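I opened the notebook to record what I looked up in this structure. The entries follow the order in which I checked things.

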Amino acid sequence: AKPSTFNYNSLISALANSGEEGSAQRAAEVLERMEQCYAAGDWDCRPNTVSFNAVIDAYAKSGDHDSASRAEEVVRHMEDLYEA
């Protein structure tokens, strides 16, 4: 079975809640994979607000020294997509 937006969002949320080192970066990589999949024409993996919020949540929970700036980058990217 092919992963859907729901499946990807579940994975990102699991990473956000895992507390594992590097999980926020991995969540961001899953979001990037979703965007690439969608850009290639697959509507079933289109990122939505839940996708972006889950990555922001992952950064917030990570405790990484640069997590706030990375979360802000995600929000800016959302704004850019909205304006496009």
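I began with a term I needed: a helix here is a DSSP run of H or I with at least four residues, and helices are numbered from the N terminus. With that settled, I placed A58, which lies in helix α3. I also noted that the model is a predicted one.

Entry on A58. Is A58 buried or exposed? I found a relative accessible area of 1%. Buried means under 20%, so A58 counts as buried. I then listed what A58 touches, leaving out residues up to four places away in sequence, and got A16, A24 and A27. I also looked up a distance to R46, which is 12 residues from A58 along the chain. The C-alpha atoms of A58 and R46 are separated by 19 Å.

Entry on the whole chain. How many helices and strands does the chain have? I counted 4 helices and 0 strands. Reading along the sequence, I wrote the pattern down as α-α-α-α. I checked the radius of gyration next: a compact globule with 84 residues would have a value near 12 Å, and the chain has 12 Å, so the two agree. Along the principal axes, the C-alpha atoms fill a box of roughly 35 × 30 × 15 Å. I noted that 30% of the 84 residues count as buried. For contacts with a separation of 6 or more, I found that 57% are between residues 24 or more positions apart.

Entry on α1 and α3. I took helix α1 as residues 5-18 and helix α3 as residues 49-62. Their axes come within 8 Å and cross at roughly 10°. Angles under 35 degrees count as roughly parallel, and α1 and α3 are therefore roughly parallel to each other. Which residues meet between the two helices? On the α1 side I listed T5, N9, I12, S13, A16 and N17. On the α3 side I listed V50, S51, A54, V55, D57, A58 and K61. Sorted by class, this contact has 6 nonpolar, 5 polar and 2 charged residues.

Entry on S51. I picked S51 out of that list, and its place is in helix α3. Its relative accessible area is 0%, so S51 is buried. What is S51 in contact with, apart from its neighbours within four places in sequence? I found T5, N9, I12, L31 and M34. Of these, T5, N9 and I12 are among the α1 residues I had listed as meeting α3.

Entry on the disulfide. I looked for disulfides and the count came to 1. Which residues does the disulfide join? It joins C37 to C45, with an S to S distance of 2.0 Å. The angle about the S-S bond is -105°, and the link of C37 and C45 is left-handed. I then checked C45, which counts as buried because its relative accessibility is 0%.

Entry on A68. Last, I moved to helix α4, residues 67-83, where A68 is found. Is A68 buried or exposed? Its relative accessible area is 60%, and exposed means over 50%, so A68 is exposed. I compared its position with that of E32, which is 36 residues from A68 along the chain. The C-alpha atoms of A68 and E32 are separated by 19 Å.

Key: Residues numbered from 1 in each chain as written. Predicted model: local features only at pLDDT ≥ 70, side-chain atom pairs only at ≥ 80, totals over all residues. Heavy atoms only, no water. Axes fitted to C-alpha atoms, helices over the stretch in contact; angles between N-to-C directions. Parallel < 35°, antiparallel > 145°, perpendicular 65-115°, else oblique. Contact = heavy atoms within 4.5 Å. Nonpolar A, V, L, I, M, F, W, Y, C, P; charged D, E, K, R; others polar. Disulfide = S-S within 2.5 Å. Buried < 20%, exposed > 50% of the residue type's maximum accessible area, 1.4 Å probe, protein only. Rg over C-alpha atoms; globule rule 2.2 N^0.38 Å.
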